[in-house]
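Keep the model open next to the text and click along.

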Amino acid sequence: MRRNRLPALLASLAVATGALLVPALTAPAAHAAAKTPKVLVIGIDGLLFDRIAPADAPTLDSLIATGSSSKTVLYDNPFAPTLSGPGWATLATGTWPDKHRVLSNSWGSSTNLATYPDFLTRIESARPALSTFAAATWDPLVNDSAGKAIFSSAVDARANGANDTDTTNQTVARLRDVGPDASFVVLDDVDAAGHNCGAATTCYLNAIAATDARVKQFVDTIRARANYPDEDWTILVSADHGHTDAGGHGGLTPPERASFIIRNGPGTTPGTPAIAPKNVDVAPTALSLLGVAIPATLDGRVLGTATNDPFDGLVGSLQARVDETGIPTSVRGWTKTTPAGWTIDNSAMGTGGMTEWRGWSFTTDDFWTRTETGQSRENNVRARGVFAVADSDEWSDKATSGTFTSALTSPAVSVSGKATLKVGFSSHYRKEGGETATVTVSFDGGAAKTVLTYTGDAIAKIEALSVAVPAGAQSAKVTWRLGNGANNWYWAVDSPTFATA
């Protein structure tokens, strides 16, 4: 019944909130530049994006309808379980658990938070004149007595609410009286409902509705500020993890690994991005909006950044399953189509096997991780969108002959007059048996030179190779080759870059 009045509700919210909820109605650039940027990040513990629409959540509905929104995916063990500690640390620091090292809900001081602090602390360090605020119902986020808090004592003000009502009231007061330049508030009741009732229940939807009312309090308070006409507010909403229908999280199923990002405010491109963002993107986005330099050590990037990954251009070519009958037909996530100039050589490839994985393929996290869980595919966190995969393990799930031997080769890269070719890419490789994984470079069609050989696992790694260019060479091609695979593991490669010096 609520859906019948939603369009009118969205229209009234859009008119009432102006630039806050309708980026298209922000002032011209010259005037907007004079406004004071403000960022509010709202974390809703355990919220599943797909449960927002069925709930009575008009404020979240409006933020989605007039902003940008996308589902995102998380990691799994041994990276970290899908728990609140790792989830909030990932959002706050802009790094994955292998960097921030918050690996459970009881992390104490055994973390890398000093090296990878939360974005509020970074803002305080870079621009101490700015005001920062963190509020949470869950003690470890802001209360040092519960262990080493994720939001450090460098933050101007931290509020530890006794419950979500208390957290909301303290946040409302801070937004009203101070209007911090950057805030992060975390609410718990949706997660509690998931544990107590399950995520496929009216109880869970009611908790979303109650939390939506709290989000409305934040929006209304911002809008009522005397300085609001001179402020540019960006609101980001996300979650630390998802929930199973029965209730619970910590594991590797798609609902437990599920999160999302909603962005609303000036500069937002409305709609759903073709290439989904990552939770690590929240922190660098906040830093960018407040004019703070983004450290190169962060894993995230500013939301809305255009992709330069040639593999992402294949998103429109993705197909539904063929032999992977355990994957829903609604999940379109693999293709043998190559980007322009790229080639796949399967001349030494064995026969038979699973169609999707016969030689190098291009796929997505949602498709690939559903092939078989618990084998660390979920931890390919430094790949985005569409990436390349050579998976001898999955290929061997049907009868085969020969071995998995396949090569993926780049277009020609001009190296004329240059001394060094620099090759970068994200790499997620698991080593087993006699399988080989190499990167080679060929100049002007000559003999291939091996520049990288894996002798062990390379999990969610960023590779940066420097290759000397022979005198007089004009062009180079780079090849990733997985060979001699026979029900071994896999290699995922993404975001290849080529530069010369």
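A nonpolar core, as used here, is a set of buried Ala, Val, Leu, Ile, Met, Phe, Trp, Tyr and Cys residues joined through side-chain atoms within 4.5 Å. Buried means under 20% relative accessible area, exposed means over 50%, and partly exposed is in between (1.4 Å probe, protein chains only). Before going on, note that this is a predicted model: local features need pLDDT of at least 70, side-chain atom pairs count only at pLDDT 80 or more, and totals for chains, interfaces and linings use all residues. Residues are numbered from 1 along each chain as its sequence is written, and side-chain values use heavy atoms, with hydrogens and water left out.

**The cores**

The largest nonpolar core holds 49 residues, and Leu421, Phe425, Trp480 and Trp491 have the most contacts inside it. Helices (H or I, at least four residues) and strands (E, at least two) are DSSP runs, numbered from the N terminus. There's also a second, separate core of 36 residues, which includes Ala159, Val185, Val190 and Ile262.

**Aromatic rings**

A pair of aromatic rings is described by the distance of the centres and the angle of the planes. Rings of Phe, Tyr and Trp (its six-membered ring) pair if their centres lie within 6.5 Å; planes under 30 degrees apart count as stacked, over 60 as edge-to-face and the rest as tilted. By this rule the model has 20 aromatic pairs. Here are two of them:

| Pair | Centre to centre | Angle between planes | Type |
|---|---|---|---|
| Trp357 and Phe367 | 6.0 Å | 55° | tilted |
| Tyr454 and Trp491 | 5.6 Å | 75° | edge-to-face |

Trp357 sits in the loop between β10 (351-352) and β11 (361-363), while Phe367 is in helix α12, 10 residues apart. Both Trp357 and Phe367 are buried. As for the other pair, Tyr454 is in the loop between β18 (449-453) and β19, and Trp491 is in strand β21, 37 residues apart. Tyr454 counts as buried at 7% relative accessibility, and Trp491 is buried with a relative accessible area of 0%.

Phe425 and Trp480 turn up again in an aromatic cluster, together with Phe311, Trp342, Phe362 and Phe498. A charge sits over a ring if NZ of Lys or CZ of Arg is within 6 Å of the ring centre and within 35 degrees of the ring normal. Arg430 does this with Trp489, lying over its face at 4.2 Å from the ring centre.

**Helices**

Is helix α4 (residues 84-93) mostly covered or mostly open? It's mostly covered, with 10 of its 10 residues buried. Among them are Trp88, Leu91 and Pro86. Just after α4, Gly94 takes a positive phi of about 75°.

Next, look at helix α8 (residues 164-177) and helix α10 (residues 202-223), which pack at an angle of about 10° with their axes 9 Å apart. Axes are lines fitted to C-alpha atoms, for helices over the stretch in contact, and angles run from 0 to 180 degrees between N-to-C directions. Angles under 35 degrees count as roughly parallel, over 145 as roughly antiparallel, 65 to 115 as roughly perpendicular and the rest as oblique, so α8 and α10 are roughly parallel to each other. On the α8 side, the residues that meet α10 include Val172 and Leu175, and their partners in α10 include Phe218 and Ile222. Contact means heavy atoms within 4.5 Å.

Leu175 also touches Ser183, a residue of strand β5 (residues 182-187). Ser183 is buried, with a relative accessible area of 1%. Leaving out residues up to four places away in sequence, Ser183 also touches Val39, Leu40, Val41, Leu120 and Phe133.

The peptide bond from Asn77 to Pro78 is cis, with omega near 5°, and Pro78 is in the loop between β2 (68-73) and α4. Arg101 isn't a glycine, yet has a positive phi of about 65°. Arg101 belongs to the loop between α5 (97-100) and α6 (119-126) and counts as partly exposed at 36% relative accessibility. Ser376, another non-glycine, has a positive phi of about 75°. Ser376 is in the loop between α12 and β12 and is buried, at 9% relative accessible area.
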